[in-house]
Amino acid sequence: MNAQQSEPLTKRQQALVTISALTAKGDLPQLHQALGQGLDNGLTVNEEKEVLAQLYAYCGFPRSLQGINTLMKVVEERKAQGKHDALGKEASLISSTEPKYERGKKNLEKLTGKPETGPKTGANAFSPVIDVFLKEHLFADIFERDVLTFQERELATIAALVSLGGVEPMLQAHIGMGMNTGLTEAQIRQVLTLEEKSIGKKEADAGRAVLTKALEIKK
């Protein structure tokens with residue numbers, strides 16, 4: 001397991017990163033190309049749809065919908081070219097009868113590696129409804145869908161947040177969560193190298209500064 005985790009990101013994972021970064025940026029011409037490359041590198045149509053849908057929680061419906069519309073065009077064009085892309089699995093039905101809030105809370109605790117105890121603090125205390133939205137919708141409705149793994153979802157989230165910029169606290173938290181899913185420092189640095197190529201050096205350097213802080217906390 002450790003030896004496997006220390007390897008560079010696969011082409012499939014790299015495609016996931018680039019697609020997420022470009023979706024958050026809103027660079028549709030480059031996203032069009034990245035979506036096609038992702039299909040060539042092992043992502044299924046449903047996996048690409050899933051990451052584009054997840055990103056609405058981080059960069060809004062407009063970016064997400066534009067990404068999905070772009071994927072529709074890519075799939076149609078590839079069909080016309082005689083390419084047969086794998087549709088991939090659909091999300092499994094959720095059989096748990098546990099309240100969504102509790103399921104989302106448990107998923108978040110798995111990602112952070114910390115139990116949530118005591119009274120709410122910060123934004124969750126100031127605006128309790130955002131705590132409900134985060135637990136019930138993001139970490140239950142979305143993260144429970146098994147089309148992507150938690151690690152793949154964190155790769156997508158980290159890439160999108162670096163691309164957005166100005167969200168350092170959230171990026172730092174998700175870098176920590178990504179490492180809790182098994183991502184290594186080297187792999188996250190590779191994410192930032194991919195960001196530098198697809199989005200820009202400014203965004204990548206800001207991400208590197210956040211990574212440094214996250215690593216200090218991990219010590």
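Salt bridges in a predicted model

Biologist: Which residue does Glu-196 pair with in a salt bridge, and how far apart are the closest N and O atoms?
Modeller: Glu-196 forms a salt bridge with Arg-208, the closest N and O atoms being 2.8 Å apart. A salt bridge here is a side-chain nitrogen of Lys or Arg within 4 Å of a carboxyl oxygen of Asp or Glu. This is a predicted model, where local features need pLDDT of at least 70, side-chain atom pairs count only at pLDDT 80 or more, and totals for chains, interfaces and linings use all residues. Residues are numbered from 1 along each chain as its sequence is written, and side-chain values use heavy atoms, with hydrogens and water left out.

Biologist: Where do those two sit?
Modeller: Glu-196 is in helix 11 (residues 185-198) and Arg-208 in helix 12 (residues 201-218), 12 residues apart. Helices are DSSP runs of H or I, at least four residues, numbered from the N terminus.

Biologist: How many salt bridges does the structure hold?
Modeller: There are 19.

Biologist: What about Glu-47, which partner does it have?
Modeller: Arg-12, with the closest N and O atoms 2.7 Å apart. Glu-47 lies in helix 4 (residues 45-54) and Arg-12 in helix 2 (residues 11-25), so the pair ties together parts that are 35 residues apart in sequence.

Biologist: Is Glu-47 buried or exposed?
Modeller: Buried, at 12% relative accessibility. Buried means under 20% relative accessible area, exposed over 50%, and partly exposed in between, with a 1.4 Å probe and protein chains only.

Biologist: And Lys-100, which residue is its partner?
Modeller: Lys-100 forms a salt bridge with Asp-141, the closest N and O atoms being 3.1 Å apart. Lys-100 is partly exposed at 32%, and Asp-141 is partly exposed at 29%.
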